[in-house]
Amino acid sequence: MYNPAMQPILNIHLLGGFLVEYKGKPITAFSADRLQSLLAYLLLNRTAPQPRHHLAFQLWPDSSESQARTNLRNLLHNLRANLPESEIFLDITNLTLQWRPDAPFQLDVERFQQLRAEAAIAESRHAWGDARRLLEEAIILYRGDLLPGNYDDWISGRREDLRHTFTEALTRLIDILERMGDLSAALQHAQRLLRDDPLNETTYVILMRLYAQSGDRSSIRRIYDQCAATLQRELSVEPSATTQSAYQQFLRMDALLPTVAVPPPAAIAPARRRLTPPKSSTGFIGREAELAQLAQLIADPHVRLLTITGPGGIGKTQLAMQMASGHTSIFADGAAFIGLASIVSADVLAQSIAAGIEVRLSGGADPEEQLLNALRDRELLLVLDNFEHLLDGAETLSEILLQAPAVKIVVTSRERLNLHEEWVYNLHGLPIPDGDEEDWEENSAVQLFLQSARRANAGFILTPADRPAITHICRLLEGMPLGIQLAAAWARLLAPAEIAQEIERSLAFLESSYRDVPERHRSLQAVFEHSWRLLSAQEQVALRQLSLFRGGFDRHAAEEIAGATLPLLSALVDKSLVRRADTSRYSLHEVVRQYADSVLRAAGDFEEARLRHLQHYLALANDLQKKLYGPLQPELLEQLEIEHDNLRAALDWAFSSGSAIAQLAAIRLTTILARFWYLRGHLHEGRNWMERALAALEGDPVPEASPNELRWLRARLLFGVGEVVAASDDTRAAVPLLEESLAIFRQLQSGRDVIMLLHRLSETVSELGDYARAEQLLEESLPLARAQNETWLVGRSLSILASMSIDQGNPARAEAMATEALTLLRGEDDSGAVVYLLNVLGQLAAQQGDLARAEAMLEEALTINRTVTRLRMGAAWTLRNLGMVAQLQGDLARATAYFQESLVLRHELRQLSGAAWALEGLAEIAALAGDPQRAVRLWAVAAAQRAIAGSEMGEADRMRTESLLAELRLSLGEAHFNALWTEGSALPFEDAIAYALMNGDW
């Protein structure tokens, strides 16, 4: 048994080439590219189990799924055979593979990243000697790119990330060596940096600066000439103006070297004090990635003005202060941090900056001109905090950049400055903890909460029960540091769970009584009131109505519902109050949304805006309705999924509003969405909405709707409820709902709806074993569909008849109908129907012994499911059928994996009859693999689920199962068999699923 405390016995090198050493001796058996790639993938993704099907796709993206899985099994066999003590390092299940993170191994990639992280910590503490030692060790360890001979798609991103980390580490090492005065070592590493990227002008500037400090004028010229020649040869360009300026500057610096006559001391101006920014009184937590990105931007010679934007409370000030502190020693004149929150006008901006850099202005001359004169020869990082209310003075910053070439400016602002020179860095919340990870307490948001809670209450003790509540708080506040601090301050009176409840009730709860906190930061309410006052009247109206949206919105919805035209929307994005999620979607930070929502309710136009929101999404659904109830269009379902949170919000308000007009709109919307909820697997949620709509229909009379429309709406809702009930937990209970719906549609002579009901009702009674009635219903639907002259309805009727013919043991009829249906539906471009028919034809081919053809058809169906339709029900059915084929091929391990994956999907959907199918497949495999006890228990579990759902096996499946069970009863003995059956039948559903997902020995 492996002891985690034991020393590494395996050393693995992936940087610069592949090498595995076991107890100090190389293992030569890993020469094959695929074997190296598999091992590398498992190592670099070792924090979580890797699904086998995902691994197979990553390693063989151009192969069929069957071939890729076969390749993976063979490769895994080789890996286990050639890796000593493989059971220590590999955790292998039927579904997943994982390299054990706690195994006794050492990986050069991990050590390299660890060294870089430790060096960054040492730098933040100004422990330069430690930082140098750690960086030098990391540089030596980086022997070259990650697996340089591997060209797999998955590795290129990792390779680039590590290469960037190496370059950044080397740059930091050069800077530290220069600071420590070891110019020889700095030059040596700078030359390596140049060899790695001879087109990077920044490296040439670094080398020229180092030679200038060494007094080597000829080397400055040589490096510049080398830069010019390389750029001309490779890119046909000259060095940038920045590089040329640096070259001239470094040549002039020679005049200060000891070899040149130096003016007498009296003529030298007194040395300026290096400016240092203040340090945070509360400490600084997290933001390592942000600090590294900001350092990279500041090191870029092209970046002279950098604006850190984000909503109030997101942590811009603390981040800028920490960043300034880390750059003090890099700039000759240090770094100045100047808070501007108290300044009321841009007219005094120049005076405020002058005071911040300790320059005394005379009363007679122009303040801005005096400031520019003072900055002209300075090498300084100028950090200006809280600039959003001084945008009229932004041109002053442009003048500073023009007149003071060695000054860089970093601004924090809730709104970008919109200057030509500006680079923008958008700051978001701290990473939100997931709640289950082992290093939960190391999460930055959690650390901030715990630190703030202990500051407020020295006796605060974290208990296991607090973890989910603290995770919920961080999620409610989307990682906003100020919100987390204000929430944690209540730990002096409340438990974390109570704090979370109060936040959900009102943002006003989040306020602080600390006297040393700025007024605008004493509560989140104050934070947003400050931002609100900076908005125009139009922007205020738009923002408060944008609070109606959930899960984001597009610009057309924003304009129609909130009057937020594109210019208004753009202005709110620039002010960090609206976030651009991608090229077409926008969203609000949840805390911003809550504040805007409170303003909307107080403004008196809440109900009117809510109705516009509901009507917009009803119109959207109406536009999609015809397509939704026809050939499957996955992009349409995806569009509704994207808007699902808005649809939920609209329905929830409408049903509880008390408005008859709103309720009628909600009922109409619900009937349209019924199909969406069914196809996307939102079965229980859809049922709840539809039952709520039915209850609304049975209430007070609904205006603006004719009696026939009300009857049609009721029939459509009964259809929807019956469909999800049949697909989930009680097939029998669905029949009267569907029959009532069919009767209403017949009375209304709604032909298309009648055909759809006949399809659904036939499938439902077939599931219950009433094949005669099922066929009668389908035989009625077929001529009706032909009369409608709608190919899709005809093809659907034929498809269901084909599937039913298989269950009835009539393969010839099934194949004829399925083939005709497939011809019709391929022309309709209905990927969902094609998947259905490929499953039918795959089952037929398997029954006829053509396993290769069966597998090909089912793999095509699964590919369409995973890449086009993305329907979990369809995938679950296909996986079950693939499991059946793999079983017939004798591949029990692969069959088990298919059945188990199908079972997981059925469990997620809470589909009992579908789960029974997968359980029966696993039971049969257990019987074939020589585990009769497991087989009996699994069949008993499946039978129990079928009894609850009221579903029956197909005739062929029933006969085969009864035969196998008879054999098991005979071999085990009546008493033992009955005891096992009783055990299985009594298993709760969740325990039964866990038992079925356990791995066998085959």
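Predicted model: local features only at pLDDT ≥ 70, side-chain atom pairs only at ≥ 80, totals over all residues.
Mentor: Local features here need pLDDT of at least 70, side-chain atom pairs count only at pLDDT 80 or more, and totals for chains, interfaces and linings use all residues. Residues are numbered from 1 along each chain as its sequence is written, and side-chain values use heavy atoms, with hydrogens and water left out.

Trainee: Why is the contact between D145 and R163 called a salt bridge?

Mentor: The term asks for a side-chain nitrogen of Lys or Arg within 4 Å of a carboxyl oxygen of Asp or Glu. For D145 and R163 the closest N and O atoms are 2.4 Å apart, so the pair meets that cut-off. D145 sits in the loop between α6 (128–141) and α7 (153–180) and R163 in helix α7, so the pair ties together parts 18 residues apart in sequence. Helices are DSSP runs of H or I with at least four residues, strands are runs of E with at least two, and both are numbered from the N terminus.

Trainee: What makes D145 partly exposed?

Mentor: Its relative accessible area is 22%. Buried means under 20%, exposed over 50%, and partly exposed in between (1.4 Å probe, protein chains only), so D145 falls in the middle class.

Trainee: What makes β1 and β2 a pair?

Mentor: DSSP must find at least two bridges between two strands. β1 and β2 have four, in the antiparallel sense, so they qualify. In that pairing, I12 stands opposite V20.
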